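Hi everyone, thanks for making time this morning. I'd like to walk you through one structure, and you can follow along on the screen while I talk.

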Amino acid sequence: MRTIRVKLGKRSYEARIGHDLLGQAGKWLRLIMPSGEKAALITNPDIDRLYGALLKQGLEKEGFRTATLLVPEGEEHKSLDTAAKLYAGLQAVHAERTTPILAMGGGVIGDLAGFVAATYMRGLPLALLPTTLLAQVDSSLGGKTAVDHGPVKNNIGVFHQPLLVIADTFTLRSLPQAEVSNGLAEVIKYGMIRDSAFFNMLEKNMQKIRAFEDPLLEEVVARSAAIKAGIVAKDERDTGLRNILNFGHTIGHAVEAASDFKIRHGQAVATGMVKASAIACRMGIFPRPRLLRLKNLLLEAGLPVTMPRVDMARVIAAMEHDKKVQNGKIRFILPRSIGKVFIADDVSFALAVEVMESSDD
Ligand SMILES: NC(=O)c1ccc[n+]([C@@H]2O[C@H](COP(=O)([O-])OP(=O)(O)OC[C@H]3O[C@@H](n4cnc5c(N)ncnc54)[C@H](O)[C@@H]3O)[C@@H](O)[C@H]2O)c1
Ligand SMILES: [Zn+2]
């Protein structure tokens, strides 16, 4: 097991990462909540069926009576309506200010349960038990909670740091490969933005990682989590450095939106990283052989490296709309080398469009 400390002053917490940890969650929760008797578990029926019993056994052993509140599977349930149902569920089980919320699932459950924990009775303690690769390396760290309202994602939310994160890498084995690839896009992003040695390690071991080989998988999750935690610790409220986590996301978000969210986040971000790097190549700041390494690694991870079939006019409109193109310039996170990116405020929007429309990176 690896322990990553997310250093945020009084709101600091630990992320425990490793194999077969879910059964021990009760023990760690007891350490930080010496006197609680109740806990509320928020999850979805599929994840509850797979891992609910294991988690609840450990909680009961430590004296936590656990009420389970189920949310149907799917991003469409990350909504204010579902949050309202969860508030009613918490009322029904007489949740108090000290009742911990346990969120077991992917980013959808984590964001939604985190939002409910942040707002019910002005804030309940939260423990995140991420069960997708994306949630283990990304959404469970950093304290962003949200629901979607109208056609926009994550537009209603609040920062609420958890007390504890337990990422059990064993749970990743039941994920479909497409979900593994989805998380690997963010993992590769961490190598690109911060850690060339990590990128090299991914190049050597991608097939073993996709086969869930331990302790390799634990190492990959832990190094990713440590990179995200390090960035969040320097910029908790996302006003500066945290921006570099958006490498690949400027185009990625626009592609997702233009596909009406049929293209998964990781796939869109993979294309976005290739295109951002291609822009940097055209500007003469990123050598082309490095772009080829990025593309090869993404392909090895089962991710796309070219623009998917989406309406380019919609992609461009989405970028103009929410990334605020000003005087023909747009902000991009661009690589200088593998392991090093910077925030470029004045990328020519015409160049970005040209690169997006080109099939020759
Ligand atoms: N808060 C943040 O900082 C942050 C960062 C990135 C993404 N997000 C959010 O995360 C969400 C996406 O998260 P996600 O990619 O984890 O998707 P998800 O939560 O929808 O999970 C993907 C699918 O995998 C299933 N699943 C989960 N764990 C499983 C397991 N162990 N075995 C089998 N199936 C399992 C889920 O039921 C779901 O069908 C989005 O809503 C996004 O906005 C938040
Ligand atoms: Zn992302």
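By class, the shell around ligand 1 holds seven nonpolar, twelve polar and nine charged residues. Keep in mind as we go that this is a predicted model. The shell has 28 residues, and the ones that come nearest to the ligand are Gly106, Gly107, Val108, Thr132 and Ser139. If you want to find the shell by its elements, look at α2 (45-61), α4 (107-119), α5, β8 (152-159) and α6 (177-194), which each give two or more residues to it.

Let's step back to the whole chain. How is the protein chain divided? There is domain 1, residues 2-174, and domain 2, residues 177-357. Taken over C-alpha atoms, the centres of domain 1 and domain 2 are separated by 27 Å. Where the two touch, 23 residues of domain 1 meet 23 residues of domain 2. On the domain 1 side, β1 (2-6), β2 (13-18) and α5 (133-139) each supply at least two residues. Helix α5 has the largest share of that side, with five residues. By class, that side of domain 1 divides into twelve nonpolar, seven polar and four charged residues.

Now for the inside of the protein. The largest nonpolar core has 111 residues, and the members that touch the most others are Ile42, Ile101, Leu102, Ala103, Leu129 and Ala225. Which helix gives the most to this core? That is α8, residues 216-234, with ten residues. The core also draws at least three residues from each of domain 1 and domain 2.

Leaving out residues up to four places away in sequence, Leu129 touches Leu22, Ala25, Leu55, Leu102, Ala103, Met104 and Ile166.

Three of those contacts, Leu102, Ala103 and Met104, bring us to strand β5. Strand β5 covers residues 101-105, and five of its five residues are buried. Both of its faces are covered, with Ile101, Ala103 and Gly105 on one side and Leu102 and Met104 on the other. What does β5 pair with? One partner is strand β3, residues 38-43, which pairs with β5 in the parallel sense over three bridges. There you can find Leu41 standing opposite Leu102 of β5. Another partner is strand β6, residues 126-130, again in the parallel sense, over five bridges. In β6, Leu126 is the bridge partner of Ile101.

Next, please turn to helix α9, residues 249-258. Is it buried or exposed? It is mostly covered, and ten of its ten residues are buried. Among them are His249, His253 and Glu256. The cover over its buried residues includes α10 (265-282), α12 (312-322), β10 (329-337) and α13 (349-357).

One of those covering elements, α13, holds a residue worth a look, Ala352. Why does Ala352 count as buried? Because 24 other C-beta atoms lie within 10 Å of it. Not counting residues up to four places away in sequence, Ala352 touches Ile279, Ile330 and Val347. Compare Ala352 with Pro289: the two are 63 residues apart in sequence and 20 Å apart in space, C-alpha to C-alpha.

I'll finish with some backbone details. Just after α9 comes Asp260, with a positive phi of about 55°, although Asp260 is not a glycine. Asp260 is found in the loop between α9 and α10. It counts as exposed because it has 10 C-beta neighbours inside 10 Å, and a residue with 12 or fewer is called exposed.

Phe212 also has a positive phi, about 60°, although it is not a glycine. You will find Phe212 in the loop between α7 and α8. Phe212 is partly exposed, because 15 other C-beta atoms lie within 10 Å.

What kind of peptide bond joins Asp214 and Pro215? It is a cis peptide bond, with omega at about 10°.

That's my tour, and I'm happy to take questions.

Technical notes: Residues are numbered from 1 along each chain as its sequence is written. Chains are lettered from A and ligands numbered from 1 in the order in which they are written. This is a predicted model: local features need pLDDT of at least 70, side-chain atom pairs count only at pLDDT 80 or more; totals for chains, interfaces and linings use all residues. A nonpolar core is a set of buried Ala, Val, Leu, Ile, Met, Phe, Trp, Tyr and Cys residues joined through C-beta atoms within 7 Å. A residue is buried if 20 or more other C-beta atoms lie within 10 Å of its own, exposed if 12 or fewer, and partly exposed in between; C-beta atoms are placed from the backbone. Helices (H or I, at least four residues) and strands (E, at least two) are DSSP runs, numbered from the N terminus. Domain bounds come from an automatic or database domain assignment. Two residues are in contact if their C-beta atoms, placed from the backbone, lie within 7 Å. Ala, Val, Leu, Ile, Met, Phe, Trp, Tyr, Cys and Pro count as nonpolar, Asp, Glu, Lys and Arg as charged, and the others, Gly among them, as polar. A residue is near a molecule or strand if its C-beta atom, placed from the backbone, lies within 6 Å of it. Two strands pair if DSSP finds at least two bridges between them.
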